[in-house]
Amino acid sequence: MNVPHLVVFDLDHTLLAGDSSELWAGEMARLGWINDIDSFQAKHRVLMDTYATGNLDMEAYLALNLAPLKARHYAEVAKIAETFVREQLLQRLYEDGLSLISQLRTAGHHLLMISASEIFLVEPVAQALGFDGVIGIDPELQDNCFTGRALLPMSYQEGKVHHCRRYAEQMELSDWPVAFYSDSHNDIPLLDVADTPVVVNPNEHLAVVAKARGWPVLQLK
């Protein structure tokens with residue numbers, strides 16, 4: 001990429017060894033915020049099984065993950081989440097990914113992180129890595145407290161295309177070419193429209209698509 005790009009990164013399994021939202025669910029259980037842990041975990045397993053096939057009901061998944069936060073003040077949760085990110089998520093970042101981000105920043109590209117995980121988890125990671133912008137799932141708030149629902153449209157599948165384009169317009173970057181790095185077949189809509197699609201640590205479905213379309217594949221560790 002010899003000219004400046006809007007370089008967009010997914011987070012979970014792309015830069016991070018794991019799923020931040022799933023790890024956060026474990027943290028909520030540890031904090032005692034989940035009343036019926038067995039029921040929660042059973043529902044979570046069922047939903048994650050559908051994620052692997054690309055058929056995840058994201059609204060149902062978020063309703064499950066946001067339910068323990070209902071009526072909690074956003075600032076309280078964000079502060080706890082920031083500590084969780086610092087102590088548990090940052091150490092899971094791939095070293096190769098950190099080097100790549102440093103190279104892209106030095107080359108003058110604009111870095112955007114976009115994820116289908118909750119914004120209060122994604123934002124502290126993006127800030128720690130020096131990203132220029134960040135997009136995640138925004139929770140619905142009432143009087144600065146969680147309602148247990150998410151705002152629409154969500155940054156998931158085709159929703160990532162919507163949010164990426166809106167971000168580019170707001171930042172006056174619409175004329176810049178876009179590079180997108182992701183591990184998941186759920187991100188094929190954005191990979192399809194990116195000028196430079198880059199597949200990272202692909203799951204089985206995306207690996208097949210990448211091979212068929214000739215997309216470059218990186219293995220980050």
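**Exercise 1. Determine which residues of helix α7 are buried, and what they pack against.**

*Solution.* Step 1: the buried residues of α7 are Gly159, Lys160, Val161, His163, Cys164, Tyr167 and Ala168; buried means under 20% relative accessible area, exposed over 50%, and partly exposed in between (1.4 Å probe, protein chains only). Helices (H or I, at least four residues) and strands (E, at least two) are DSSP runs, numbered from the N terminus. The model is a predicted one, in which local features need pLDDT of at least 70, side-chain atom pairs count only at pLDDT 80 or more, and totals for chains, interfaces and linings use all residues. Residues are numbered from 1 along each chain as its sequence is written, and side-chain values use heavy atoms, with hydrogens and water left out.

Step 2: these buried residues pack against β1 (6-9), β2, β3 and α8 (188-193), where contact means heavy atoms within 4.5 Å.

Step 3: an α-helix has 3.6 residues a turn, so residues three or four places apart point the same way.

**Exercise 2. Check the span of helix α7.**

*Solution.* Step 1: the expected span is 1.5 Å times one less than the number of residues. Step 2: α7 (residues 158-170) has 13 residues and should therefore span 18 Å. Step 3: its end C-alpha atoms lie 19 Å apart, which agrees. Just after α7, Glu172 adopts a positive phi of about 55°.

**Exercise 3. Describe how strand β3 is joined to β2.**

*Solution.* Step 1: β2 (residues 110-118) and β3 run parallel and are joined by four bridges; two strands pair if DSSP finds at least two bridges between them. Step 2: Ile114 has Ile135 in β3 as its bridge partner. Step 3: β2, helix α6 (residues 119-128) and β3 form a right-handed β-α-β unit, meaning that, with the strands pointing away from the viewer, the path from the first strand over the helix to the second runs clockwise. Step 4: in β3 (residues 133-137), four of the five residues are buried.

**Exercise 4. State whether His44 is buried or exposed, and identify its contacts.**

*Solution.* Step 1: His44 belongs to helix α2 (residues 37-52). Step 2: its relative accessible area is 7%, so His44 is buried. Step 3: leaving aside neighbours within four places in sequence, His44 contacts Glu22, Ala25, Tyr61, Leu64 and Asn65. Step 4: the side chains of His44 and Tyr61 are joined by a polar contact of 3.4 Å, that is, a pair of N or O atoms within 3.5 Å; within protein, one must be able to donate a hydrogen and the other to accept it, and residues adjacent in sequence count only if both atoms are side-chain atoms.
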